[in-house]
Number of protein chains: 2
Amino acid sequence: MQFAMTQRLLLILICGLVVATTAAAADPLPSWNDGPTKEAIVGFVENVTKSGSPDFVPENQRIATFDNDGNLWSEQPVYFQLIYALDQVKKMAPEHPEWKTQEPFASILRGDTAKVMASGKEGLMKILAATHTNMTAEEFQANVADWLKTARHPKTNRPYNEMIYQPMLELLGYLRANGFKTFIVSGGGVDFMRVFAEQTYGIPPDQVVGSSLKAKYEVKNGKPVIIKLPEINLVDDKEGKPVGIHQYIGQRPIFASGNSDGDYQMLEWTTAGEGPRFGLILHHTDGKREWAYDRDSHIGQLNKGLDDASKKGWVVIDMQKDWKVVYPFDKP
Amino acid sequence: MQFAMTQRLLLILICGLVVATTAAAADPLPSWNDGPTKEAIVGFVENVTKSGSPDFVPENQRIATFDNDGNLWSEQPVYFQLIYALDQVKKMAPEHPEWKTQEPFASILRGDTAKVMASGKEGLMKILAATHTNMTAEEFQANVADWLKTARHPKTNRPYNEMIYQPMLELLGYLRANGFKTFIVSGGGVDFMRVFAEQTYGIPPDQVVGSSLKAKYEVKNGKPVIIKLPEINLVDDKEGKPVGIHQYIGQRPIFASGNSDGDYQMLEWTTAGEGPRFGLILHHTDGKREWAYDRDSHIGQLNKGLDDASKKGWVVIDMQKDWKVVYPFDKP
């Protein structure tokens, strides 16, 4: 049987379409500009997943850890969890008339953020105790979920869980499609992040590692509850990150991604292991679409990481150059 | 077209074979005897996985937790991890001549187990400190792996990681095949269990929750390491189990399986949640194939659990009646 001319033309068109579709599907990181950063990521993933490659890593060792604040979502003008805590103080104020004269609560209620910040670690611990403890874990989670529904970021007027980085969502998905298990390892509160991490990033609660408070179990009026206590359990930052990884994940990652010197030890621990390793630093260079900050920032300071990245072989993302879009809502 | 007689016969034979194979594959728990225990397990799983059922539970909420000692592997004559610690003391003794006159080490070296046990919590803490701390996590794991290769159980002369329950392996696999994520939640040491849990039970390190020591991160001679410290971090037993579940898993299980009163709170916490829940207790009733013990046992005491099981709706496995085989090496 021979094809008539029209049939052959049709076939050529269909084949062309299939090829074009395949080519489009083949870019797993469409929001990343072509260049050395994207090439390094894709090269690493192809290398460790290629059966027979000397750098092949079995699936059960493909552990990837991601910082959250300033790495998966924004962290300016201050950590979103702090904004949550300040909002909660305002919401709880009617039940706490004594706060009108007690610092740092009085400054929060007056809207004097500078004075709140000046209250330092002691002030922050009081805010944390008031808004994060002496309640059940379920009450806390319900409060966070409510807040996420209504609170809006002061600059973009978007819900905080939309202030996430589209290129990082693609990276998480790309790694998972290649057999990686993706974890959050963040200085942020673990109970806070677990409220939105699954829906927002596709990372289930048990794959979220973060700072935590001690907790106790009790049966209250016949109902078992977990009570959040005003006592620190783990500070999952700096030296605390490899410790958190050890305690919660139980094996050393082969891929770690962060954006500040709080992630330095996580990248150091990850990339000092044997075999292929990948350390990734997000450098905030985009004052127009996001924020530009590094060595002198009051938040997400990146100093030692920039100094040592090249020596350690860590790849630095230049947000302004490497990312086609920043937020999902910026997508064309 | 018509089939010739031989072709039709062949077809019938093939169809028969397919049906028979399907029927065999349809029993996901072949080492469990038919009866109410097996029926309750299968009924629960079918109920929560049946799309459209009022009791349907989405996959990301299908969390199942299992105690380890006496529940996934044996715990007699004493916890296997204690046998590991005693073996380590003997192995380390040449470097510690002072142990010849120091208790409880002197008693261990003389083989006077009764006196070791009589040293109580203080003695156990000394053994724990000597054999589990002030070394890197990697050194500890290598020691455990070496021990598992050579140590043999005093009764069966089998490696300890073969003293596991075949019916529970089937249950783990059955739950996973139905979209459950399976976790260990054990009073045993998390670093100890993580050495063998993946190969033995198919449970990866990050899905093992257990008792733990504090740890620190440091760079030693240019090499980053995690050091195990002689300080308790979490006692993952009794009230500690729901706390461990909260801290590590971050959501309440819908299925919990244990064998002693150390698991009581885990079952209570699990089954007090809304919607369909399953609590499972393994009752050691088989003095011939394994061990028979419960209310008066010095290890794995099961007292309150037996009293309350019926009231709480927990299903009790009668090892002797419900299990066709106990260990994988007993399989016909």
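How many residues does the contact take from chain B, and how many from chain A? In this predicted model, the contact takes 28 residues from chain B and 28 residues from chain A. Four elements of chain B give two or more residues to the side that touches chain A: E3, strand E4 (223-234), helix H11 (240-249) and helix H12 (264-271). H11(B) gives the most, with six residues. By class, this side of chain B has 14 nonpolar, seven polar and seven charged residues.

The relation between the copies was examined next. Chain B can be laid on chain A by a turn of 180° and a shift of 0.0 Å along the axis, with an RMSD of 0.0 Å. This is the relation of a two-fold axis. In chain B, the C-alpha of Tyr248(B) is the nearest to the axis, at 3.3 Å.

Chain A has 14 helices and eight strands. Along its principal axes, its C-alpha trace spans about 90 × 50 × 45 Å. Of the 332 residues in chain A, 41% are buried. Contacts in this chain between residues at least 6 apart in sequence were also sorted by separation; 64% of them join residues at least 24 apart.

The largest nonpolar core holds 137 residues. Those that touch the most other members are Phe183(A), Ile184(A), Val209(A), Phe183(B), Ile184(B) and Val209(B). The core draws at least three residues from each of two domains of chain B, domain 1 (32-75 + 162-330) and domain 2 (78-153). In soluble globular proteins, nonpolar side chains tend to be buried together. Ile184(A) illustrates the contacts of one core member. Neighbours within four places in sequence aside, Ile184(A) is in contact with Phe66(A), Asn68(A), Met193(A), Ala197(A) and Ile203(A), among others. Its contacts also include Gln207(A), Val208(A), Val209(A) and Gly210(A).

Strand E2 (residues 181-189) of chain B is largely enclosed by the rest of the structure, because nine of its nine residues are buried. E2(B) pairs in the parallel sense with strand E1 (residues 63-66) of chain B, over four bridges. Here Thr65(B) stands opposite Phe183(B) in E2(B). E2(B) also pairs with strand E3 (residues 208-220) of chain B, in the parallel sense over three bridges. In E3(B), Ser211(B) is the bridge partner of Gly189(B). E3 of chain B is also one of the elements that give two or more residues to the side touching chain A.

His284(B) lies in strand E6 (residues 278-285) of chain B. Its burial follows from the neighbour count: His284(B) has 24 C-beta neighbours inside 10 Å, and the cut-off for a buried residue is 20 or more. Beyond four places in sequence, the contacts of His284(B) include Gly70(B), Asn259(B) and Met319(B). The run Glu290(B), Trp291(B), Ala292(B), Tyr293(B) and Asp294(B) is also in contact with His284(B). The C-alpha atoms of His284(B) and Leu175(B) are separated by 22 Å, and these residues are 109 apart along the chain.

Several loops were inspected for backbone features. In chain B, the peptide bond from Gln76(B) to Pro77(B) is cis, with omega near 5°. Pro77(B) is found in the loop between E1 and helix H3 (80-92). A cis peptide bond also joins Glu103(B) and Pro104(B), with omega about 5°. Pro104(B) lies in the loop between H3 and helix H4 (105-110) of chain B.

In chain A, Asn134(A) is not a glycine, yet has a positive phi of about 55°. Asn134(A) sits in the loop between helix H6 (120-132) and helix H7 (137-150). Asn134(A) is exposed, with 11 other C-beta atoms within 10 Å. Lys238(A), also a residue other than glycine, has a positive phi near 50°. Its place is in the loop between strand E4 (223-234) and helix H11 (240-249) of chain A. With 17 other C-beta atoms within 10 Å, Lys238(A) is partly exposed.

Ala26(A) is placed in the loop between helix H1 (5-25) and helix H2 (36-49) of chain A. Ala26(A) is exposed, with 7 other C-beta atoms within 10 Å. The C-alpha atoms of Ala26(A) and Asp308(A), 282 residues apart along the chain, are separated by 33 Å.

How values were computed:
Residues numbered from 1 in each chain as written. Chains lettered and ligands numbered in written order. Predicted model: local features only at pLDDT ≥ 70, side-chain atom pairs only at ≥ 80, totals over all residues. Core = buried A, V, L, I, M, F, W, Y, C linked by C-beta atoms within 7 Å. Buried ≥ 20, exposed ≤ 12 C-beta atoms within 10 Å, placed from the backbone. Domains from an automatic or database assignment. Contact = placed C-beta atoms within 7 Å. Least-squares fit on C-alpha atoms with pLDDT ≥ 70 in both. Pairing = 2+ DSSP bridges. Nonpolar A, V, L, I, M, F, W, Y, C, P; charged D, E, K, R; others polar.
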